[in-house]
Amino acid sequence: MGLKKGDNDNSDIQVITALPDQPMPSAGEIDYTVEIADSTSSGELSTLENLYDNATGWFTFRGSAHRDAPIAGKVKGTPSKIVCDWTFRTDMKGDWGGGSGWNGQPVYVEWHDTMLTKFRQTSPGLTPQFGKRELIVGSLAGKVYFLNFDNGEASRQPIDVVNPVKGSVSLDPAMNGSLYVGHGFPGPEPFGHLAINLCDHTIAYYFGRDKKAYRGWSTYDSSPVAAGQFLFWPGENGSIYKYTRSGNGQLKMHSILRYRVKDAPNSVLGTENSMCIFRNYGYIGDNNGHIICINLNNMHVIWHYDNHDDTDGSIVCETDDTDHPFIYTANEIDVRGDTGTCHFVKLDALNGQKVWEQKIPCTKRMIGKKHFDGGLYCTPLIGHGNCEGMIFASICQPNDSKNADFIAFSKQTGQIIYRIPMDFFAWSSPVAFYNERQELFIVVGDSSGRLYLINGKSGDVIFKEVLGDNFESSPIVKDNMFAVGSRGNRIMRFHVE
């Protein structure tokens, strides 16, 4: 199958070919079934393009099917500080509180005129503050909030989804009025994952507990992702759901992949990270560190790599100059005990072969009555501009520390270029800002409510200050601004100056 992609005058046409349905020997380590719910469709993707490439905003976790945060901020010269522009306060719900938790990235969208007109004609939830630039945030308060990006006022009435939302909501890249939301903790019915029709503010689709799942923990921190005419939604129950998407919150189940690992039948199944996609291959990591590549056309397993332990941070994909894909991922210290090694790895995305591995000793910590795993929770940030060849991540509780290190790695070798001690453990994913000289500056938060502004090349900390309660959530960026939720009950917008 070959699909064409080029500019308006048809020059420089690139043929995008499907990756082969050819399992590697490691695929034999996975015992799986594919349940076909809709036999009227072949399941083959209608296009292999990254549907988020031309999105007017951040529509899914990290803004792309590659989970590579391709939308960067812009600053002038060398920035010096981070300033809060506005704060919105959510409701509070039981022990979970409000605001947003891990991974909790907002959706940011700039609606085109057709959708603006449609909403104004059909949506009962709009407020006088509704405008073109909108933030959509799933909250631990069990509601989805809609905010005017410019002033932080409610742009629509919130939608009550009953149970806490921990993960990142996802907006359909077709801008067809569909918003996808997963529950993060078991609670009263309805509990599961759902689709909202933004035109009439109703829950148009709901999928509850899956009685056929290999694990009963049916939570959905994973941010669903669109590819071709389908939506892919991993669950923490050991199942991956493939839907046909058609707009206004309408979903039709196409197929379900359920799997176990043959030599680890008692391993903890399920996916909390967000599926990474390159063409027709999808990549997930699970709660036991099994990295699995899936052919999204037929949901067959292509390869498997054992990365030792729970993998919550999303896998990141990048291609080299020949368009050959590689992925980056790392694990936590969780199921193996209180101490262990965070294995930060680069893998060949076509066959699962290891390119390099960096090992970082880490520790699980008890804070009060709660345990906090060591290793990687964030999704790494790929450097460009003057930091081409670098990749960045926060690693929790390294080398017997109670906090975290922000680490710059070489993409070529995995060598640690520098590491910066942070003041607390850090789950939030870093985001990028570039100036007119293509110099990279990084913003990252930690779980004490601090925000850091870091010179990406040198590792110098330019600014550090407590500006929130607990930044577990990951930000989105727009120009010199970024928006992020905080534990407690705050959603906030800042600017870098």
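The model is a predicted one, in which local features need pLDDT of at least 70 and side-chain atom pairs count only at pLDDT 80 or more, whereas totals for chains, interfaces and linings use all residues. Residues are numbered from 1 along each chain as its sequence is written, and side-chain values use heavy atoms, with hydrogens and water left out.

Histidine 343 belongs to strand 27, residues 339-348 (strands are DSSP runs of E of at least two residues, and helices runs of H or I of at least four, numbered from the N terminus). With a relative accessible area of 8%, histidine 343 is buried, a term that denotes under 20% relative accessible area for a 1.4 Å probe and protein chains only. Beyond residues up to four places away in sequence, histidine 343 touches, among others, Asn307, His308, Arg336, Glu357 and Lys359, contact being defined as heavy atoms within 4.5 Å.

Threonine 379, in the loop between strand 31 (374-375) and strand 32 (381-382), is likewise buried, at a relative accessible area of 1%. A polar atom of the threonine 379 side chain lies 3.0 Å from the backbone nitrogen of serine 314; the two residues are 65 residues apart in sequence, yet their C-alpha atoms are 5.2 Å apart in space.

The largest pocket holds about 940 Å³ of space and is lined by 33 residues, of which Trp96, Lys166, His371, Tyr377 and Trp427 lie nearest its centre. Here a pocket is an open set of points on a 1 Å grid over the protein atoms alone, where a 1.4 Å probe fits, with protein on both sides within 12 Å along at least five of seven lines, and lining residues have an atom within 4 Å of a point. Strand 30 (residues 370-372) supplies the largest share of this lining, three residues.

Along its principal axes, the C-alpha trace spans about 55 × 55 × 55 Å.

Technical notes
Buried means under 20% relative accessible area, exposed over 50%, partly exposed in between (1.4 Å probe, protein chains only). Grid points are joined across faces, edges and corners, and a volume is the space filled by probe spheres set on the points. A polar contact is a pair of N or O atoms within 3.5 Å; within protein, one must be able to donate a hydrogen and the other to accept it, and residues adjacent in sequence count only if both atoms are side-chain atoms.
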